[in-house]
Amino acid sequence: MRSHIRSGSMGNARRRLAACAAVFSLAVAGGVVAAAPATAAPTQAVTTTAPAAVAQTAVPTTANPLPSVDPVGDPANLSVLVNKSRPLNPVSYAPGDLVNARGSGQYLRAEAAAWLNGLFQGAADAGTGGLAVVSGYRSYAQQQQVYSYYVSIYGQAQADLISARPGHSEHQTGLAVDVGNANGSCGLSTCFGDTAAGIWVAANAHRYGFIVRYPNGYTNVTGYSYEPWHLRYVGVDLATDMKRRGFPTMEQYFAGNPTAYASITSGADLVAADSSGRLLRYPAHGGGGYGIPSVIGSNWHGVKQAFVVDWDADGVYDILAQWDNGTLGLFKGWPGGAFSTQIVVGTGDWDKMTITVGKWSAAQGYPGIVGYFPDGGLRYYPNTSGRALSYRVDIGSGWAGMGLTMADWNADGANDVLAITTSGHLLSYPGNGGGGFAGLPATVGSGWGTMKALVPSFGLSGPGTRSITAQTVDGYLVDYALGVGVWGAQRQVGNGWNGMKLFR
């Protein structure tokens, strides 16, 4: 059941309570990687020998639909996940950096309050009529009073839909704020979402590090009714990543839903096969490195390339393997762990192809394959059923000798193709999200001929972060942070990876 609170008695009760609340690797090595690639400006002109790609109209698509990292439990962390099943620890937690938000008498943590200023200015500049702060931080004791009041008025079942129990409230983190129209209309009411300010907030809050925490239609996920006024500060990286990849709630963004017990649980984990054929998963610990590996498979000899991908779009990572014998095989991941026996999705000359795998077209519900034979003709093979491939689509020429990786370089929600040329230049070909390209490529780096594999990563340096983890020919792992069409910082995150085959 979802409670649509209008401007009647329940909305008035919320406003009174808001006013009341206002009173209360395996081994991480030091040193510098030898022969690390140099990065070039993404606007650098591309050479005339670059492969051709047909430009088409852009259509947005989700770059990677799966969770990034495990939920954050530290109450002081900006990304902390607190809900009905995840109380704050300790339950009486109180932040130490509260400030008066916009002189409203409501308090937020300092970083959230600073970004709230930008949000309010953006709303005003957009001609929405402006926003007002309605409610901010509530202590454990204050939340006890709020929750008890709702229980006494509406009963516990209804109270649990519209109010958090003490110790389970986002307001207690100092990162949640209730906002409303500056003129006071639709205060703490669902009709706020239909006003100019509410519409603007839903579309733009992520630019300032906020999300609408309890969106419409997700009561079964969050446990709470639709609250277009309840904003949660999570930081610009995480908020933008959620928006770009289409995660409406924090519960869906973080791992464990339904991947908690799967063999691969995170978009930041690194999967590799060693020289003995063992399949290893290196768990990302969210601080920019990897934990102790676990063995998740064996007999992985004879694999040319393999890809970690949700091939059948069931929310659990699978493995697509390209074998030296020309077979293309799917190993379906199970929610409880382990993989299915091989499901053959391609036979023939797949060993002769250079491929990359990912969501290439929004028109298809599943990821597909982009690759070329030695003739250099680039083809797209749609995956229309979550299992088998349909007939190829020719999308380019002149790609012979290029190394391919699919990643969202320009952060527009559509995957691009990153290609390493025979001279070591790294080119970015912008995808249009519709099975083709959106324009000419740009040179985004040089010296990349020393790389054996490029692996897109989601969340290695914390929630919302994106990067490319590169394996050098001399066995180092280097992580290159991704911005919006620019490189961020690079860090060495491992060594001794000679003989390891990284899954893309």
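## Where things sit

Which loop is the place of M500? M500 falls in the loop between β27 (487-494) and β28 (501-502), where helices (H or I, at least four residues) and strands (E, at least two) are DSSP runs, numbered from the N terminus. Before going on, a word on the ground rules: this is a predicted model, where local features need pLDDT of at least 70 and side-chain atom pairs count only at pLDDT 80 or more, while totals for chains, interfaces and linings use all residues. Residues are numbered from 1 along each chain as its sequence is written, and side-chain values use heavy atoms, with hydrogens and water left out.

Back to M500. With 12% relative accessibility, M500 counts as buried; here buried means under 20% relative accessible area, exposed means over 50%, and partly exposed is in between (1.4 Å probe, protein chains only). Leaving aside neighbours within four places in sequence, M500 is in contact (heavy atoms within 4.5 Å) with A272, A273, D274, L280, Y282, K452 and Q471. Take Q471 from that list: Q471 and M500 are 29 residues apart in sequence, yet 9.3 Å apart in space, C-alpha to C-alpha.

## The nonpolar core

The largest nonpolar core has 27 residues, and L116, L119, V177, F210 and L231 touch the most other members. By nonpolar core we mean a set of buried Ala, Val, Leu, Ile, Met, Phe, Trp, Tyr and Cys residues joined through side-chain atoms within 4.5 Å. The elements giving two or more residues to this core are α2 (110-125), β5 (131-135), β6 (176-181), α5 (196-204), β7 (210-214) and β8 (227-233). The largest share, six residues, comes from α2.

Not counting residues up to four places away in sequence, V177 touches L108, L116, V133, S135, H171, F210, W229, H230 and L231.

## The second largest pocket

Rolling a probe the size of a water molecule over the atoms shows where empty space is left. In the second largest pocket, that space comes to about 340 Å³. Grid points are joined across faces, edges and corners, and the volume is the space filled by probe spheres set on the points.

The lining of this pocket has 20 residues, of which A202, I211, V212, K243 and P248 lie nearest the centre. Two or more lining residues come from each of α5, β7 and α7 (236-245), with α5 giving the largest share, four residues. By type, the lining divides into 14 nonpolar, five polar and one charged (Ala, Val, Leu, Ile, Met, Phe, Trp, Tyr, Cys and Pro count as nonpolar, Asp, Glu, Lys and Arg as charged, and the others, Gly among them, as polar).

As for α7, its buried residues are L238, A239, D241, M242, R244 and R245. They pack against β7, α8 (250-253), β24 (451-458) and β25 (466-472). Just after α7, G246 takes a positive phi of about 80 degrees.

The partners are C186 and C191, with sulfur atoms 2.1 Å apart, and the link is left-handed, at -125 degrees about the S-S bond. C186 lies in the loop between β6 and α5 and is partly exposed at 22% relative accessibility.

Most residues other than glycine have a negative phi, and most peptide bonds are trans. C186 has a positive phi, near 55 degrees. A338 has a positive phi too, near 75 degrees; A338 is in the loop between β14 (328-331) and β15 (343-346) and is partly exposed at 40%. On the peptide-bond side, N89 and P90 are joined by a cis bond with omega about 10 degrees, and P90 is found in the loop between β2 (52-53) and β3 (98-100).

## One more loop residue

R392 lies in the loop between β18 (378-381) and β19 (393-397) and is partly exposed, with a relative accessible area of 29%. Not counting residues up to four places away in sequence, R392 touches R379, Y380 and Y381. R392 and V370 are 22 residues apart in sequence and 9.3 Å apart in space, C-alpha to C-alpha.

Methods. On a 1 Å grid over the protein atoms alone, a cavity is a set of points where a 1.4 Å probe fits but cannot get out, and a pocket is an open set with protein on both sides within 12 Å along at least five of seven lines; lining residues have an atom within 4 Å of a point. A disulfide is a pair of cysteine sulfur atoms within 2.5 Å.
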